[in-house]
Amino acid sequence: MITVRGLHKYYEGHHLFKGIDLDIKKGEVVVFIGPSGSGKSTFLRCINGLEYFQQGEIVVNGIELHSINRLRPDRKDLENIRKVRLKVGMVFQQFNLFPHMTVLENIIEAPLQVLGADRTVTIEQARSLLRRINIERKAESYPEELSGGEQQRVAIARALAMKPEAMLFDEPTSSLDPEMVGEVLSVIKDLVNEGMTTLIATHEMGFAREVADRVVVFDSGDIIETGPPGEIFTHPKTERTRVFLSRVLKR
Amino acid sequence: MNKSGWMKNFLRVLSLCIGLSALLFWVAPSRPANTLEKIQKSGYLLWGSDAEGGAPYIFPDPKDPSKLIGFEVDLADEIARELGVRPKQAQNAWDSLVPALMRGDSDIAMNGIEITPQRQKEVLFSEPYYIYTEQLVVRKDEEAIQGVDDLKGKKVGTLSGTVAQDILMNMGGVDVKIYAGQVEPYEDLAIGRLDAVLLDLPIAAYYAKPNPKLKYAGPPVGEGFYGIAIRKGDEDLKKRIDEILDKLMRTGRLKAIYEKWDLWNEQQEKLFLKAGGTEGYVSLEESKKAPVYTFFPTLLKGAGITIFISFVSMALAVSLGLVLTLMRLYGGQPLSGIATGYIEIYRGTPLLIQLYILYYGLPNIGISMNPLTAAFLGLGMNYAAYEAELYRAGISAVPKGQMEAALSLGMTRGTAVKRVILPQAFRIALPGVTNDFIALFKDSSLVSVIAMVELTKTYSILAASTLRFFELGLIVALLYFAMSYPLSLLARRLEDRLKRSKR
């Protein structure tokens, strides 16, 4: 469903990605791990066009994104990026809920504005999404009145309201208090169990091990190892993976 | 509370205001080909004059300041009556009367305008209606100055653009101080800032003669004619006015006016033959004593105009500012460069200069607008630059993740700006915008330079004719405060609300 070929990207002046290739099948759950700044977040952001890249191509659901290296991409590039975004939902580390809208308004905004969906139907679907993540009673609250865990769950619901075929999670629990990590991970787990194609960048190794079909290890912009979690976590093939894992697992 | 609701209402009001100001553009009057026909068709004779410090020519009646009186008001009444129309005064600064006439702000200009060869190059003049002389005035205790020959090395005040100014300049060795109003030179003379004042006799007769601290020095000098200025090309109007003046002189009605205002002297005999009665003259002493409440209706009318100008200008500033910000941040070149240039130029030059260029400068290149339109545009375009900067600050205070989240949901950049970025940016910018409104409100006093009689101009007209600068000044200041204080309360409340919510 997602194919990456020969991806090159310069990030703040240095050559971050030097030709990355990756294929992700429909329904697959891929977890990206690696030290901070290794490129796993940037890689996810390239897939839905929040970051431009200088060489290579990314194909999502048959829509091709070529190297978009101009300061101002032309109309066709922008249209393609938008088509990709309609199929791929994204959840951010900082939640990024719209503070001037209620929880419900956050969820229905894009379906109404982008898809032109029917209001009554959309609100009904939004309420059932809120029921799924168990915060229906906060539908009329503003984001600032919610805890971090609740905000992130709403952010997930907001992305799901667009009925995406794949979801990108960019360190979804990194800015949460420890006691709230579990509630967010359990929502993601439900999603995975329903068969959603899911890409997650995370530092939660236990979670990675539990849900991943495949683990991809990033280091300094390179994919240094990829394989099923059992293999990566018990018999890492490279020394860099072993060093990284021993450092995070010790904590 | 529905937070997107107020945005919608705000935009609705905004577009209404833009529409209104656009309308004002279209209805700006165009200059008719034949002024005499226009006067007869409209039923009004629009005569240009300056009521500020204008006694005894034209000034507000102390008993009813909404009414203008003066010997030229009486003359305008007589001329209009002969034309079968009603007179209507068109206020303008005295030294701008001729340019204003040329651009079509009035049908004629009549306000002690001396017939000079220089002016005759620009406009037509009627036959003279008054022979003026220049009277030198000094302090009562002055011994050294007996006449104009004693002025070498002395500080002498006069009015800008008058024949008296030319006389003083041509004498050489005189330290000439130029004033814009005719009250201030006598005030400065009385308190010793000047040694003498040379001005037209009617002015001296009204302002200096009753003042116990001042006296005439020597006989009047020079001699010249006041004429009614008429646009070139309006020869038939000039002919008609000359006939009327001749009739007024022959029937003694003009002499009656001059005697009423104590302006009759032997010089006028050259113009006249017959005479009439005298009554209804209002002296400076009476103006000084009129109870202060008589000025309120006039002042409140000025305040109303100030409010009107401020609201329309602010609406223009708020909307044009938004356009500028969007051009600057999202427009790409060359739009963003144009917007940046506009903002820097408007912020970097004085509003006063912008107003002068807009109102007096643009007619030179064929763009002429009425004072009200010029006031809206001048204030609105200036403040738009400041609003644009406030919005830009507001937009950059919105976290970057907001745009990314909106884009990741499939919104276009435009939708994201409209639905996600701007509502948040507005809320951040709102207290600043309210503060700017207060500032604009006070800056609206500057449009008095482009012939708008708003509160400040009303004040200076009234104060100059009554010399009650102090008490009228306090009242006007109080009026401004009463109007701007509710706005600052509003600004403070908005700021508090912003502080309470985290964003």
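**View 1. Chain B as a whole, in a predicted model.** Of the 503 residues of chain B, 53% count as buried. This is a predicted model, so please read each view below with that in mind. The secondary structure of the chain B fold comes to 19 helices and 13 strands. Among contacts in chain B with a separation of 6 or more, 73% join residues 24 or more positions apart.

**View 2. Helix α16 of chain B under cover.** Helix α16(B) is mostly covered, with 8 of its 9 residues buried. Those buried residues are B:Gly401, B:Gln402, B:Met403, B:Glu404, B:Ala405, B:Ala406, B:Leu407 and B:Ser408. Both chains contribute to what covers them: from chain A, the cover includes α1 (40–47), α2 (75–87), β6 (88–91) and α5, and from chain B, α12 (296–330) and α17. Just after α16(B), look for B:Gly410, which takes a positive phi of about 95 degrees.

**View 3. Where α16 meets α17 in chain B.** Two packed helices are described by the angle between their axes and the distance between the axes. Here, helix α16 (residues 400–408) and helix α17 (residues 413–443) of chain B pack at an angle of about 140 degrees, and their axes are 9 Å apart. α16(B) and α17(B) are therefore oblique to each other. Their crossing is right-handed. On the α16(B) side, the residues that meet α17(B) are B:Gln402, B:Met403, B:Ala406 and B:Leu407. Facing them from α17(B) are B:Arg413, B:Ala416, B:Val417, B:Val420, B:Ile421 and B:Gln424. By class, the contact of α16(B) with α17(B) has 7 nonpolar, 2 polar and 1 charged residues.

View 4. In soluble globular proteins, nonpolar side chains tend to be buried together. The largest nonpolar core in this model has 63 residues, and those with the most contacts inside it are A:Phe32 and A:Phe43. Which helix gives the largest share of this core? That is α17(B), with 12 residues. Apart from this core lies another, of 57 residues, with B:Leu36, B:Ala55, B:Tyr179 and B:Leu194 among them.

**View 5. The surroundings of A:Phe32.** Leaving out residues up to four places away in sequence, A:Phe32 touches A:Leu22, A:Lys40, A:Phe43 and A:Leu44, among others. Further contacts of A:Phe32 include A:Leu199, A:Ile200, A:Ala201 and A:Thr202, as well as A:Val216 and A:Phe218.

**View 6. Helices α3 and α5 of chain A side by side.** The axes of helix α3 (residues 103–115) and helix α5 (residues 148–160) of chain A come within 8 Å and cross at roughly 25 degrees. α3(A) and α5(A) are therefore roughly parallel to each other. The crossing of these two helices is right-handed. A:Val103, A:Asn106 and A:Ile107 of α3(A) meet A:Val154, A:Ala157 and A:Arg158 of α5(A). Sorted by class, the contact of α3(A) with α5(A) has 4 nonpolar, 1 polar and 1 charged residues.

**View 7. Helices α3 and α9 of chain B.** α3(B) and α9(B) pack at an angle of about 115 degrees, with 10 Å between their axes. Their crossing is right-handed. From α3(B), the contact is made by B:Leu75, B:Glu78, B:Ile79, B:Glu82 and B:Leu83; from α9(B), by B:Arg240, B:Ile244, B:Leu245, B:Lys247 and B:Leu248. The residues of this contact of α3(B) with α9(B) divide into 6 nonpolar, no polar and 4 charged.

**View 8. Helix α10 of chain B.** In helix α10 (residues 253–260) of chain B, the buried residues are B:Leu254, B:Lys255, B:Ile257, B:Tyr258 and B:Lys260. They pack against α3 (71–83), β7 (130–139) and α9 (235–250) of chain B. Just after α10(B), B:Asp262 takes a positive phi of about 60 degrees.

View 9. Beyond its neighbours within four places in sequence, B:Ser49 is in contact with residues including B:Ile58, B:Gln89, B:Leu97 and B:Met110. B:Phe469, in helix α19 (residues 469–500) of chain B, counts as partly exposed at 30% relative accessibility. B:Phe469 touches B:Tyr459, B:Ala463 and B:Ala464, not counting residues up to four places away in sequence. From C-alpha to C-alpha, B:Phe469 and B:Tyr459 are 8.3 Å apart in space, and they are 10 residues apart in sequence.

Note on methods:
Residues numbered from 1 in each chain as written. Chains lettered and ligands numbered in written order. Predicted model: local features only at pLDDT ≥ 70, side-chain atom pairs only at ≥ 80, totals over all residues. Heavy atoms only, no water. Axes fitted to C-alpha atoms, helices over the stretch in contact; angles between N-to-C directions. Helix = DSSP H or I, 4+ residues; strand = E, 2+ residues; numbered from the N terminus. Parallel < 35°, antiparallel > 145°, perpendicular 65-115°, else oblique. Left-handed = near helix turned anticlockwise from the far one by under 90°. Contact = heavy atoms within 4.5 Å. Nonpolar A, V, L, I, M, F, W, Y, C, P; charged D, E, K, R; others polar. Core = buried A, V, L, I, M, F, W, Y, C linked by side-chain atoms within 4.5 Å. Buried < 20%, exposed > 50% of the residue type's maximum accessible area, 1.4 Å probe, protein only.
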